[in-house]
Amino acid sequence: MDSGTLLARITDYASRPDPYPLYAELRAAGPVVPQSDGSLLVGGYHEVAALLHDPRMSADPRNRGLVTAKPPFLRLDDPEHHRLRTLAMRPFGPPHTPRRVDGMRAEIENITKELLAPFESGGQVDVVDDFAYPLPVTVICRLLGVPHEDEPLFRAWSDTLVASADVRPDAASAPRDEAERARTEMGGYLVGLAEQRRDEPGDDLLSAFVGEPDPELRLTREELAETAVLLLIAGHETTVNLITNGVLTLLRHPEELDRLRREPGLMPRAIEELLRFEPPVHMRERIPLADLDVAGTTLPRGSSVILALAAGNRDPRRFPDPDRFDPARPDNQHLGFGSGIHLCYGAPLARLEAHSALTALLPRLATAELVEDPPPYRQNAMLRGPRHLSLRL
């Protein structure tokens, strides 16, 4: 089949349940595969990792000629990316707030226990709606300082924004106006909440952002809105997929599920393997700032280069027997959280949430069966995960 249609076939909804044969076709077609829409697909582990670390590869869509407002720091380049990421990190993690994430361990475990109620009564449950979605949403809202009663506001906003952030060849037809409206509404809400914290600060990120005493280290109103929106969405979207894909993978591999029940100390390594085997983020776009040569193929300046992280994670040149789920896999330097300067800085929190969630679910999964396999998936090909995952207990 025409390798120039790979991106269209990978992002076709019909491929959502199992895109991995297409990723194998991508790797076989070459390190770089030009697409009929003008983009270039890269699927080898070493090539993807090298380009994620290459300062000549930009994350900023404006370098592709797109007219857009200033993107969040996830889509900016250094030095501006470094400045905003550093300011966002100050109240979140090391070196300035080293105990923030680990200090939430007990709270995360308590939230997990509260969400287990539907699993205790038997019958049928939806892992996404009943567990995998509310857990990280509750955690990130508490971390930011969002009142519990306002949490439902974010699902519609988040769904709209995620729907517009895909890598489909027809992505230009996505509802950009709706996404901008959702971003503006969410940002306005969060900035308003942060302003309330000036007089009544709490132990949360919004209070820390507006309470920063050094003017040089303070986010502007616009930067605060963009950063808070990014943290809220990135703080739960990928974790929902990590937990749900994890449950689905374990139920499809009962022998490994049983092994984890016998050897719970393997769970940290199992989570790394889940991030490799069924990553929550499948692709990232980058734009060359100059003509670049990769294995004899030129990546033209200003072109759209799609780095297929999920294809790299199953590259047999890097991972022996890559299509086998091995919760004890050694030397597992996957691309599940990206790499380079845009490595997901919420990764420690996501790992902590996944560990709490999957450890708590292990005994209950032993007698669970999938109602539908494959389950219905979300539309987004980049942030791939089931929209629902119904279990019969």
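Here are some numbered notes on a predicted model, to read alongside the structure.

1. Let's start with the three-stranded sheet. It is open, its strands come in the order S4-S10-S9, and the pairing is antiparallel. The edges are taken by strand S4 (124–126) and strand S9 (369–370), and each of these pairs on one side only. To see one of the pairings up close, look at S4 and strand S10 (residues 390–392), which run antiparallel and are joined by three bridges.

2. Now the five-stranded sheet. This one is also an open sheet, with the order S1-S2-S8-S5-S3 and mixed pairing. Strand S1 (32–34) and strand S3 (57–58) stand at the edges with a single partner strand each, so one side of each has no neighbour in the sheet. S1 and strand S2 (residues 40–42) run antiparallel, with three bridges between them. Pro34 is a handy place to look here, as its bridge partner in S2 is Leu40. As background for both sheets, strands pair through backbone hydrogen bonds, and they can do so in a parallel or an antiparallel way.

3. Next, helix H4 (residues 80–89). Which of its residues are buried? They are His81, Leu84, Arg85, Leu87, Ala88 and Met89. Arg276 deserves a stop of its own. This residue lies in helix H15 (residues 267–277). Is Arg276 buried or exposed? It counts as buried because its relative accessible area is 0%, and the cut-off for buried is under 20%. The side chain of Arg276 makes a polar contact with the side chain of Glu273, at 2.8 Å. Leaving aside residues up to four places away in sequence, Arg276 touches Asn313, Arg314, Phe319, Pro322, Arg324, Arg329, Asn332 and His334.

4. Two peptide bonds are worth checking by eye. The bond from Pro94 to Pro95 is cis, with omega near 0 degrees. You will find Pro95 in the loop between H4 and helix H5 (105–115). The bond from Asp373 to Pro374 is cis as well, with omega near 5 degrees. Pro374 sits in the loop between S9 and S10, two strands of the sheet in the order S4-S10-S9. For context, most peptide bonds are trans.

5. Then there are two residues with a positive phi. Most residues other than glycine have a negative phi. Ala295 is not a glycine, yet its phi is positive, at about 50 degrees. Where is Ala295? Look in the loop between strand S6 (292–294) and strand S7 (297–299). Ala295 counts as exposed because its relative accessibility is 58%, and the cut-off for exposed is over 50%. Asp331 also has a positive phi of about 50 degrees without being a glycine. Its place is in the loop between helix H16 (309–312) and helix H17 (347–365).

6. On to the empty space inside. Rolling a probe the size of a water molecule over the atoms shows where such space is left. How many cavities of 30 Å³ or more does the structure hold? There is one, and the largest cavity has a volume of about 30 Å³. Its lining is made of Ile10, Ser15, Arg16, Pro19, Tyr23, His282, Met283, Ala381 and Arg384. By class, that lining divides into five nonpolar, two polar and two charged residues.

7. Last, the second largest pocket, which holds about 230 Å³ of space. Its lining has 13 residues, and Asp159, Val162, Glu237, Arg378 and Arg387 are the ones nearest its centre. Which elements give two or more residues to this lining? They are helix H9 (153–164) and helix H13 (237–252). H9 provides the largest share, with four residues. Sorted by class, the lining of this pocket has six nonpolar, two polar and five charged residues.

Methods
Residues are numbered from 1 along each chain as its sequence is written. This is a predicted model: local features need pLDDT of at least 70, side-chain atom pairs count only at pLDDT 80 or more; totals for chains, interfaces and linings use all residues. Side-chain values use heavy atoms; hydrogens and water are left out. On a 1 Å grid over the protein atoms alone, a cavity is a set of points where a 1.4 Å probe fits but cannot get out, and a pocket is an open set with protein on both sides within 12 Å along at least five of seven lines; lining residues have an atom within 4 Å of a point. Grid points are joined across faces, edges and corners, and a volume is the space filled by probe spheres set on the points. Ala, Val, Leu, Ile, Met, Phe, Trp, Tyr, Cys and Pro count as nonpolar, Asp, Glu, Lys and Arg as charged, and the others, Gly among them, as polar. Two strands pair if DSSP finds at least two bridges between them. Buried means under 20% relative accessible area, exposed over 50%, partly exposed in between (1.4 Å probe, protein chains only). A polar contact is a pair of N or O atoms within 3.5 Å; within protein, one must be able to donate a hydrogen and the other to accept it, and residues adjacent in sequence count only if both atoms are side-chain atoms. Contact means heavy atoms within 4.5 Å.
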